[in-house]
Amino acid sequence: MTIRVWDYVEEYGEERKEILDAVDRVFSSGRLVLGESVLGFEREFAAWHGVDHCVGVDNGTNAIVLALRALGVGPGDEVITVSNTAAPTVVAINAVGAVPVFVDVRDEDFLMDTGQVAAAIGPRTKVLLPVHLYGQCVDMGPLRRLAAEHGLAVLEDCAQAHGARQHGTLAGTTGDAAAFSFYPTKVLGAYGDGGGVITRSAETDRRLRRLRFYGMDDVYYTVETPAHNSRLDEVHAEILRHKLARLDAYIEGRRAVARRYEEGLAGTGLRLPATAPGNDHVYYVYVVRHPCRDEILKALAARGIELNISYPWPVHTMTGFAYLGYGEGDLPVTEAIAGEIFSLPMYPSLSPRVQDEVIGAVREAVDAL
Ligand SMILES: *Cc1c(COP(=O)(O)O)cnc(C)c1O
């Protein structure tokens with residue numbers, strides 16, 4: 001039997017009727033694109049965050065692309081972010097012709113080191129783009145202050161942080177806009193691709209609606225500024241409405257898994273995830289660190305336990321981003337952790353029995369080193 005790092009099949013078994021009902025509602029509605037389900041999800045996802053606006057889009061990468069465009073970012077502008085992230089964060093910056101500028105992450109929690117941001121701000125800087133990585137928030141206070149001081153916008157990459165909080169405030173509600181992915185593995189995931197942007201700004205909302213719809217206003221059927229088609233599908237929106245009602249329970253499930261790992265893996269020498277002060281972690285992934293990472297991975301693979309690495313190659317070392325001119329040693333913490341981190345199975349329906357098998361196998365692998 002294979003134990004996967006992420007799995008949804010058991011969850012589908014539990015929710016099958018509701019999911020199929022949601023699909024049937026859409027298929028029977030007579031409206032398959034930008035209908036009541038997308039509007040309803042947008043309303044409910046915005047309300048869940050206590051903000052006025054949400055625009056559903058086709059995936060998380062385009063959520064970042066459209067949000068950058070809506071915030072006025074274009075060719076030659078600079079966007080400050082991290083290299084320890086999913087490549088799409090940086091792919092999106094590249095897609096609007098902007099230049100990603102990287103700061104390093106903190107050794108204790110692998111999140112953006114906000115202390116390095118001031119030195120990275122230059123005359124072309126437009127946006128600060130913190131990534132709330134693995135399920136917890138980047139320290140937003142310093143970023144808000146720097147943004148106000150330098151006239152910059154803040155775009156939060158919330159693709160891994162649905163429901164995460166900092167000092168009680170939800171991820172995505174302190175920036176000028178926040179981009180979400182609803183890729184199936186995410187804390188709130190569709191049964192296919194999906195994304196969304198939330199904002200408090202009516203103007204940003206209006207721009208986003210045009211940007212996802214060829215550049216048209218719904219009513220006028222004419223294009224002022226040409227754009228793409230980045231619509232969220234009705235069927236995924238309706239499934240997401242069903243899942244949004246369960247989001248708190250999914251997060252509780254993830255936290256229970258994290259607690260069991262914390263107890264089961266104490267004293268193994270593995271460095272377990274540290275929650276930064278003031279943060280409530282939602283554990284999108286459960287990232288641990290050990291200098292003998294590759295041996296541990298091999299031992300577990302031999303027992304049918306799949307682990308993965310988020311992420312094995314820092315973005316600034318990828319050949320596709322060589323043009324940025326970063327070299328080895330430029331981001332020492334990011335480079336050091338890439339060789340040592342790995343992710344244990346994490347999803348809300350992971351059973352204690354299966355999890356204990358993983359814990360036992362990790363303990364044995366570490367003992368055998
Ligand atoms: C998943 C992810 C994205 C991209 O989302 P897609 O829906 O896969 O396009 C962007 N940023 C981060 C941090 C992610 O984890």
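The buried residues of helix H8 are Glu234, Val235, His236, Ala237, Glu238, Ile239, Leu240, His242, Lys243 and Leu244; buried means under 20% relative accessible area, exposed over 50%, and partly exposed in between (1.4 Å probe, protein chains only). The model is predicted: local features need pLDDT of at least 70, side-chain atom pairs count only at pLDDT 80 or more, and totals for chains, interfaces and linings use all residues. Residues are numbered from 1 along each chain as its sequence is written, and side-chain values use heavy atoms, without hydrogens and water.

H8 spans residues 234–244 and is mostly covered, with 10 of its 11 residues buried. Helices (H or I, at least four residues) are DSSP runs, numbered from the N terminus. The buried residues of H8 pack against helices H1 (9–29), H2 (36–49) and H9 (247–264).

The structure holds 27 salt bridges, each a side-chain nitrogen of Lys or Arg within 4 Å of a carboxyl oxygen of Asp or Glu. Glu18 pairs with Arg246, their closest N and O atoms lying 2.9 Å apart. Glu18 lies in H1 and Arg246 in the loop between H8 and H9, so this pair ties together parts 228 residues apart in sequence. Glu18 is partly exposed at 30% relative accessibility. Arg246 is partly exposed at 29%.

A salt bridge also joins Glu357 and Arg353, with closest N and O atoms 3.9 Å apart. Both residues lie in helix H12, 4 residues apart, about one turn of the helix. Glu357 is partly exposed at 35%, whereas Arg353 is exposed at 57%. Elsewhere, salt bridges that share partners join Arg25, Glu44, Glu238 and Arg241 into one network.

Methods: Helices (H or I, at least four residues) and strands (E, at least two) are DSSP runs, numbered from the N terminus. Contact means heavy atoms within 4.5 Å.
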